[in-house]
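The following exercises are to be worked through with the sequence and the three-dimensional model at hand. Each task is followed by a solution in steps.

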Amino acid sequence: MCSRVMWQVEGQPVLVGRNMDWTERMGTKLYAIPAGVEREGLVETNPITWTSKYGSVVAAVWDCAVPDGMNAAGLTASMLYLAETRYGDRDPARLGLSVSLWAQYYLDNCATVAEAVEATKSLQVRSFEMIHLGKLADAPMHLSLADATGDSAVIEILDGQPVIHHGPQFTVVTNSPTYDEQLILLKQYEGLGGKKPLPGTAEAEDRFVRGAYYLTQLPQNPASYQEAVAGVLSVIRNMATPIGFVDPVKPNVSPTQWRTICDLTHRRYYFELTNMPNVVWVDLEKLDLQEGAPVQMFDLASDLDAAGEISGRFRPADPIEFQMAGTAVTWKPTPKTA
């Protein structure tokens, strides 16, 4: 579940779009988190500890995990589902980190993809139990990164070790199979090295191909900034799965619940829920993300008339209580759940 694309051409902003696909609503809210927050990795033994260097705007799910966000330095981190993930046995000699704040760790500490890749080498990520089709299940994730220079990385955890694909050429991410296999399959299709016609299913490998192909079709010189953002939005929407499309035996195929566009050049974070027509965005420069500022929250599902730039609609809120590794999410939906 989920898709991600990055678009970068000379003279245009670096833009990253992602779909969050899941079997049901996730109570998604946007949080503005200041610098200077003290955190720990939420594992039983040898948790990593840190104080955040950068403020960020993030999308939080189930009130306990962050799968997507962007920081004030122009780094974005996105978690996606990968069935092949194997976290391996816990090595107490390595610094531990719950997957619930894997993305947040990079947003707190890193300005560039290169910094995040280097930091990954000392970490061991651990899972928690999340809600899938109303039941508790493991959280097998991989993670994509991008920064304001157009650098990119995809981090998988296979057989207990991080496998990292690092470079600006890694512009598209979906789900299974593993990333090296996705890159091989991609070359079979017309316009990407092969002769097969463009695929149209909701399967992860088909979404991967469509994202890669349609990125090549965007105008190199869009008529306006708005057209550039809308172009990336059109690609990531093309990779979406309709509301109601749930296949219990195919965890890589679920309806798209929400999507984001990160403008890493201008530090703008766009967000929309797929069951609402509103597109909202946050200009990070209009938020107080300095050390000592309060945590703030915005909930589009409870602010139905919101549209456009919404930094003035954030309100003080309690910090996110991230999920400890090895424990189970207890969140329950409400009538206004996003």
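The exercises proceed from the whole chain to single elements and residues.

The model is predicted: local features require pLDDT of at least 70 and side-chain atom pairs pLDDT 80 or more, whereas totals for chains, interfaces and linings use all residues. Residues are numbered from 1 along each chain as its sequence is written, and side-chain values use heavy atoms, without hydrogens and water.

**Exercise 1.** Describe the overall dimensions and composition of the protein chain.

Solution. Step 1: the chain has 5 helices and 22 strands, where helices (H or I, at least four residues) and strands (E, at least two) are DSSP runs numbered from the N terminus.
Step 1: along the principal axes, the C-alpha atoms fill a box of roughly 50 × 45 × 40 Å.
Step 2: buried residues make up 59% of the 338 residues; buried means under 20% relative accessible area, with a 1.4 Å probe and protein chains only.

**Exercise 2.** Determine how helix H1 is placed, and examine the ring pair formed by tyrosine 105 and tyrosine 106.

Step 1: the whole structure contains 10 aromatic pairs, that is, rings of Phe, Tyr and Trp (its six-membered ring) with centres within 6.5 Å; planes under 30 degrees apart count as stacked, over 60 as edge-to-face and the rest as tilted.
Step 2: the ring centres of tyrosine 105 and tyrosine 106 are 5.7 Å apart and the planes stand at 65 degrees, so this pair is edge-to-face. Both tyrosines are buried.
Step 3: tyrosine 179 and phenylalanine 208 also form an edge-to-face pair, because their planes stand at 65 degrees, with the centres 5.7 Å apart. Tyrosine 179 belongs to helix H3 (residues 179-186) and phenylalanine 208 to helix H4 (residues 204-215), so the pair ties together parts 29 residues apart in sequence.

**Exercise 3.** Which strands pair with S18, and in which sense?

Solution. Step 1: S17 and S18 run antiparallel and are joined by 6 bridges; strands pair if DSSP finds at least two bridges between them. Aspartate 263 stands opposite arginine 268 in S18.
Step 1: S17 and S18 form a hairpin with 4 residues between them, and arginine 267 in the turn has a positive phi of about 60 degrees.
Step 2: S18 and S19 (residues 280-283) pair in the antiparallel sense over 4 bridges, with tyrosine 270 opposite tryptophan 281 in S19. Their hairpin has 6 residues between the strands.
Step 3: S18 (residues 268-273) has 5 of its 6 residues buried, so the strand is largely enclosed by the rest of the structure.

**Exercise 4.** Characterise the surroundings of threonine 241.

Solution. Step 1: threonine 241 is found in the loop between helix H5 (225-238) and strand S17 (256-263).
Step 1: threonine 241 counts as buried because its relative accessibility is 4%.
Step 2: not counting residues up to four places away in sequence, threonine 241 touches Asp21, Ala202, Arg207, Ser254, Pro255 and Thr256; contact means heavy atoms within 4.5 Å.
Step 3: a polar atom of the threonine 241 side chain lies 3.5 Å from the backbone oxygen of serine 254.

Key: Buried < 20%, exposed > 50% of the residue type's maximum accessible area, 1.4 Å probe, protein only. Polar contact = N/O pair within 3.5 Å; in protein donor to acceptor, adjacent residues only side chain to side chain.
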